Amino acid sequence: MVKSPAVTGISPKEGPPGTRVTIRGEFLGNKTTDLIGLTICGCDCLLSAEWKSDKKIIARTGAAKGKGDIIVTTRGGGTGSCTVQFRAYYETIGPMKESAVWIEESPMQSLAWGRRSLAPTGYTQEDPLGLSNEGNEKKFPEDLRDLFPDGSGDLSQENFTPGWFLLENHHATSFEDLKAGLSYLRRRVESQKEGQLSFLKSNAGSVIDQLDTLMTLRDRITQDNKVHGKEPVRQLDVTIRGSIDASHELFKDVLVRKEKADATRAALSAMSRHKFLFCLPNTVEKAALKNEFDIVVNDYARVKNLF
């Protein structure tokens with residue numbers, strides 16, 4: 001009796017979708033065709049599986065997330081068991097991270113008003129609290145992913161989570177230092193507001209010109225509505241249709257005469273082009289009376305070739 005497959009090891013034990021993993025165990029099949037099923041974290045990975053031996057299989061993980069078992073199914077042993085787990089996660093792709101798929105880029109957000117955003121190659125994340133993270137040993141990312149499965153500690157990401165950032169960078173920082181960092185962050189926010197106000201003050205002339213243009217545009221639209229109504233397009237359509245009808249009525253006789261002249265010209269052209277056919281009966285009769293039957297035969301063959 002064939003025993004059920006048992007997975008006892010996997011390397012690596014975590015990774016994003018597409019990670020190449022080596023699965024080890026026992027009774028994983030005697031040949032390639034024995035392997036009929038492979039799931040990692042509930043995702044079917046049979047298409048990428050490479051059977052190496054009865055104790056080794058190489059495959060790539062699918063689009064799964066979280067921890068899950070590695071289940072191998074063989075033709076003789078059926079569905080197997082697993083004593084280890086693989087943790088799948090979606091990796092955040094940064095400016096300097098290579099990726100095999102296209103990642104939608106979002107513009108870098110500058111924390112200071114009016115400051116030019118840095119290029120992705122030279123971008124370094126600045127601590128918004130203004131605190132030094134020396135002595136704060138970063139926590140392992142897997143622990144934070146378990147706490148914040150849909151979050152991120154990257155300030156440039158849309159799913160930024162403050163709790164993740166604090167645990168990753170300042171879990172050993174004292175409460176007093178965190179309060180000082182909060183005050184620093186508030187001062188930076190206030191300076192941004194002041195920067196916006198100073199920007200408006202320095203460009204007051206341009207702002208006023210834009211407001212004047214908008215007001216002039218509004219007045220013109222109001223005036224046009226009074227003259228042409230609120231639906232000028234409909235009135236324009238009626239005017240165009242009236243012009244078309246008037247032009248047809250004006251040139252009706254001329255167009256009729258032109259059509260008759262064109263028809264007469266076409267008939268005369270056809271008669272001139274096929275004059276031989278119209279004269280054929282008279283020509284055949286004259287040739288027959290003169291016993292010139294070779295001419296009759298030639299004319300008949302000529303007409304037959306035309307059709």
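Which residue forms a salt bridge with Glu-50, and how far apart are the closest N and O atoms? In this predicted model, the partner is Lys-52, and the closest N and O atoms are 3.5 Å apart. Neither end of the pair is hidden away: Glu-50 is partly exposed, at 35% relative accessibility, and Lys-52 is partly exposed too, at 46%. The background here is simple enough: side chains of opposite charge can pair when their charged atoms come close.

Another one brings together the side chains of Asp-219 and Arg-218, with 3.8 Å from N to O. Here the two partners fall into separate accessibility classes. Asp-219, with a relative accessible area of 45%, is partly exposed, while Arg-218 reaches 52% and counts as exposed because the cut-off for that class is over 50%.

Helix α5, which covers residues 232–250, holds a further pair. Asp-237 and Arg-241 form a salt bridge there, and their closest N and O atoms are 3.1 Å apart. Why are these two residues separated by about one helical turn? They sit four residues apart in helix α5, so about one turn of the helix lies between them. Asp-237 is partly exposed at 37% relative accessibility, whereas Arg-241 is exposed at 54%. Elsewhere, salt bridges join up into a network, which links Lys-258, Asp-262 and Arg-265.

Next comes the sheet. Five strands make up an open sheet with mixed pairing, and their order across it is β6-β7-β3-β1-β10. The edges are taken by β6 (50–53) and β10 (81–82); each has a single partner strand, so one side of each is left without a neighbour in the sheet. Further in, β3 (residues 20–26) pairs with β7 (residues 56–60). The two run in the antiparallel sense, and five bridges connect them. One point of reference along this pairing is Thr-22, whose bridge partner in β7 is Ile-58.

A few spots in the backbone also deserve a look. Most residues other than glycine have a negative phi, and most peptide bonds are trans. Against that background, the bond between Ser-11 and Pro-12 is a cis peptide bond, with omega at about -5°. Pro-12 itself is found in the loop that runs between β1 (6–11) and β2 (14–15).

Positive phi values turn up at Cys-41 and Asn-291, neither of which is a glycine. For Cys-41, phi is near 55°, and the residue lies in the loop between β4 (35–40) and β5 (43–44). For Asn-291, phi is near 60°, and its place is in the loop between α7 (275–289) and α8 (293–306). Asn-291 is exposed, with a relative accessible area of 56%.

Another loop residue, Pro-128, sits between β11 (85–88) and α1 (141–147). Pro-128 is buried, at 12% relative accessibility. Which residues does Pro-128 touch, leaving aside those up to four places away in sequence? The contacts are Leu-155, Phe-165, Tyr-184, Leu-185 and Arg-188. In the case of Tyr-184, 56 residues of sequence separate it from Pro-128, yet the C-alpha atoms are 8.3 Å apart in space.

Finally, the surface carries a nonpolar patch. Phe-199, Leu-200, Val-207, Leu-211 and Leu-214 form it, and together they have about 460 Å² of accessible area.

Technical notes:
Residues numbered from 1 in each chain as written. Predicted model: local features only at pLDDT ≥ 70, side-chain atom pairs only at ≥ 80, totals over all residues. Heavy atoms only, no water. Patch = residues over 30% accessible without salt bridge, like charges linked within 9 Å, V, L, I, M, F, W, Y side chains within 5 Å. Areas by Shrake-Rupley, 256 points an atom, 1.4 Å probe, with all protein chains shown as cover. Salt bridge = Lys/Arg side-chain N within 4 Å of Asp/Glu carboxyl O. Pairing = 2+ DSSP bridges. Buried < 20%, exposed > 50% of the residue type's maximum accessible area, 1.4 Å probe, protein only. Contact = heavy atoms within 4.5 Å.
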